[in-house]
Amino acid sequence: MSLVAKERPPLAWAALQHNLGAVLLHLGLWTCGTEGVAEAERAVAALRGSLDIYGHDAHPAQWAEAHRCLALALELVGDLGAEDADRHYSEALVHARAALEELGNHLPRSGADDVVELEQRLVAKLAEVP
């Protein structure tokens with residue numbers, strides 16, 4: 001999903017996709033039911049788009065932040081009642097761990113602590129899924 005032409009400078013396009021993903025994530029948090037799931041899924045798509053540009057080696061801080069937001073969006077899709085919540089939680093955990101590995105190099109400890117909490121929350125949710 002892209003509301004902005006990808007022909008723009010790649011980093012500008014990636015930043016717009018990341019920001020769009022963040023807005024859609026918040027809309028998903030504020031919206032109930034299937035509309036909330038749809039917004040969260042759009043957030044996932046936009047954040048994946050930003051990762052097409054934000055490579056780990058070239059843009060490590062942005063790469064890590066995009067993975068963190070993607071983990072939050074996938075967690076929300078699972079929380080809002082997706083049939084395959086365990087798949088969303090598992091994928092979110094992969095992204096949270098990728099972010100955590102890199103964020104420690106680019107964020108103050110408090111920023112990494114948020115991702116540690118996300119990781120622990122996802123592990124707990126996966127343990128509860130039948």
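**Salt bridges and a helix pair**

Visitor: Why is Glu-65 with Arg-68 called a salt bridge?

Guide: The closest N and O atoms of Glu-65 and Arg-68 are 2.5 Å apart. A salt bridge is defined as a side-chain nitrogen of Lys or Arg within 4 Å of a carboxyl oxygen of Asp or Glu, so the pair counts. Before we go on: this is a predicted model, where local features need pLDDT of at least 70, side-chain atom pairs count only at pLDDT 80 or more, and totals for chains, interfaces and linings use all residues. Residues are numbered from 1 along each chain as its sequence is written, and side-chain values use heavy atoms, with hydrogens and water left out.

Visitor: Where do Glu-65 and Arg-68 sit in helix α3?

Guide: They're three residues apart in α3 (residues 60-79), which means about one helical turn between them. Helices here are DSSP runs (H or I, at least four residues), numbered from the N terminus.

Visitor: What makes Glu-65 buried, exposed or partly exposed?

Guide: Its relative accessible area is 22%. Buried means under 20%, exposed over 50%, and partly exposed in between (1.4 Å probe, protein chains only). So Glu-65 is partly exposed, and Arg-68, at 23%, gets that label too.

Visitor: How many salt bridges turn up in the whole structure?

Guide: Seven. One of them joins Lys-125 to Glu-75, with the closest N and O atoms 2.7 Å apart. That pair links distant parts of the chain, Lys-125 in helix α5 (residues 109-128) and Glu-75 in α3, 50 residues apart.

Visitor: Are Lys-125 and Glu-75 buried or exposed?

Guide: Lys-125 has a relative accessible area of 17%, so it's buried. Glu-75 is at 5%, so buried again.

Visitor: What about Glu-119 and Arg-97?

Guide: Another salt bridge, with the closest N and O atoms 2.7 Å apart. Glu-119 is in α5 and Arg-97 in helix α4 (residues 85-103), 22 residues apart. Glu-119, at 18%, is buried, while Arg-97, at 42%, is partly exposed.

Visitor: Why are helices α1 and α3 called roughly parallel?

Guide: Helix α1 (residues 10-30) packs against α3 at an angle of about 25°, their axes 10 Å apart. Angles under 35 degrees count as roughly parallel, over 145 as roughly antiparallel, 65 to 115 as roughly perpendicular and the rest as oblique. That's why α1 and α3 are roughly parallel.

Visitor: Which residues make the contact?

Guide: Contact means heavy atoms within 4.5 Å. Among the residues involved are His-18 and Leu-25 of α1, and Glu-65 and Leu-72 of α3.

Definitions and conventions:
Helix = DSSP H or I, 4+ residues; strand = E, 2+ residues; numbered from the N terminus. Axes fitted to C-alpha atoms, helices over the stretch in contact; angles between N-to-C directions.
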